[in-house]
Amino acid sequence: METIYRKINPQEIDMSVIEEASKILKRGDMVAFPTETVYGLGADALNEDASRKIYAAKGRPSDNPLIVHVSNTEQVKRVVKEIPEAAKKLMDAFWPGPLTIIFNKADVVPNGTTGGLNTVAVRMPSHEVARTLIEYSDVLIAAPSANTSGRPSPTTAKHVMDDLNGKISMVIDGGEVGIGIESTIVDVTSDIPTILRPGFINKRMLEEVIGHVEVDKAIIGRPDPALKPKAPGMKYKHYAPKADFTIYEGDKDSVAEKINEIAREYINKGYKVGIIASDESVDKYHYGEVVSIGSRADELSISKSLYKVLRSFDDMKVDYILGESFESDELGPAIMNRMLKAAGYQVIHT
Ligand code: TXA
Ligand code: MG
């Protein structure tokens, strides 16, 4: 299949591109489009054949449910059984934006979209291109991240083309995304709202609006085989670069010293090494392909570059990635959740 590629300016949306994309969605085919978090691979959420195509294109396990993207509250009412009080407050506070809410699903939502669960994940994205596409087409769009399963999520249209060119009908290029890691997922179907995936909207922000919030125990720290994550996708070794990735924790000078030592060792053995530094530390590294992921003074610069940096190491075909750790107050838990998964939880304390 020939993938149609169209550029669009989010500040001045060319409606002919939206029109072309909505025709494709309405006939049950797939369009990748930008959101504020990562690029999504969209298809009609209420058409089981259309959502099945998403699983095939991504090579995604069929038990991993999709998020339904909406552009107004009326559309939410079409796909959920009821809107609990906590959800109303969260919708008021954070929508449109990078928050996905789990509801009990209405019968119209096919099992193919929810992986057989009787709940449904819903998100109202804030990105102008995503909102315009949903609103104009009036298609409720099921959209996982537009990557091949297991690869880092796409933050540019080029990443989408690298993975899915020839497999989907259209890619809308709206430039690089703003956040760079996937939305926070919160489940409001049980008594205590629970975070199933950390993201830009963090625990503190949620608690300011709805009071006490828990974090799914299965996503804290190293995966415990006895605990099953409530978001099925969180059990997979997602976000993985091709190289062997290790994170180094500790005070900044000893981390740099250790990484330099290990990098030199690997390079002497003939391996190619990539190093993840920050703007503040990039000058401390003397071996391998040194990349700054952003500034520690600006957490968003780090979340925005994480997947791009991991993909660039795939392109450079490095054998080993040695990375600093990026613990921080606001976005730290979300960034470290993705980094630890990408590293298969290999962490060295210096
Ligand atoms: O930021 C995002 O959320 C992006 C953009 C495109 O909106 N989408 C995204 O989709 O990250 P995806 O498919 O890569 O991740 C969806 C996650 C998976 O971990 C899945 O298991 C979980 O949401 N999920 C979906 N429906 C669920 C449900 N009913 N109950 C629990 N978890 C659910
Ligand atoms: Mg994904």
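Modeller: The model is predicted: local features need pLDDT of at least 70, side-chain atom pairs need 80 or more, and totals for chains, interfaces and linings use all residues. Residues are numbered from 1 along each chain as its sequence is written, chains are lettered from A and ligands numbered from 1 in written order, and side-chain values use heavy atoms, without hydrogens and water.

Colleague: What puts a residue in the shell, and how many residues surround ligand 1?

Modeller: One heavy atom within 4 Å of the molecule is enough. For ligand 1, 30 residues surround it; Thr37, Asn64, His69, Ser183 and Gly233 are the closest.

Colleague: Which elements give two or more residues to that shell?

Modeller: Strands S4 (67-69), S6 (119-123) and S10 (194-197). S6 gives the largest share, 4 residues. Helices (H or I, at least four residues) and strands (E, at least two) are DSSP runs, numbered from the N terminus.

Colleague: What makes the pair between Arg123 and ligand 1 a polar contact?

Modeller: The cut-off is 3.5 Å between N or O atoms. A polar side-chain atom of Arg123 lies 3.0 Å from a ligand 1 oxygen, so the pair qualifies. For Pro232 a polar backbone atom is involved, at 3.3 Å from a ligand oxygen.

Colleague: Why is the chain called as compact as a globular protein of its length?

Modeller: Start with the count: 11 helices and 16 strands. The radius of gyration, taken over C-alpha atoms, is set against 2.2 Å times the number of residues to the power 0.38. The chain has 20 Å, close to the 20 Å that the rule gives for 350 residues, so the label holds. Along the principal axes, the C-alpha atoms fill a box of roughly 60 × 50 × 35 Å.

Colleague: What is the omega of the cis peptide bond, and where is Pro96?

Modeller: Omega is about -10 degrees for the cis bond joining Trp95 and Pro96. Pro96 is in the loop between helix H4 (85-94) and strand S5 (99-104).

Technical notes
A polar contact is a pair of N or O atoms within 3.5 Å; within protein, one must be able to donate a hydrogen and the other to accept it, and residues adjacent in sequence count only if both atoms are side-chain atoms.
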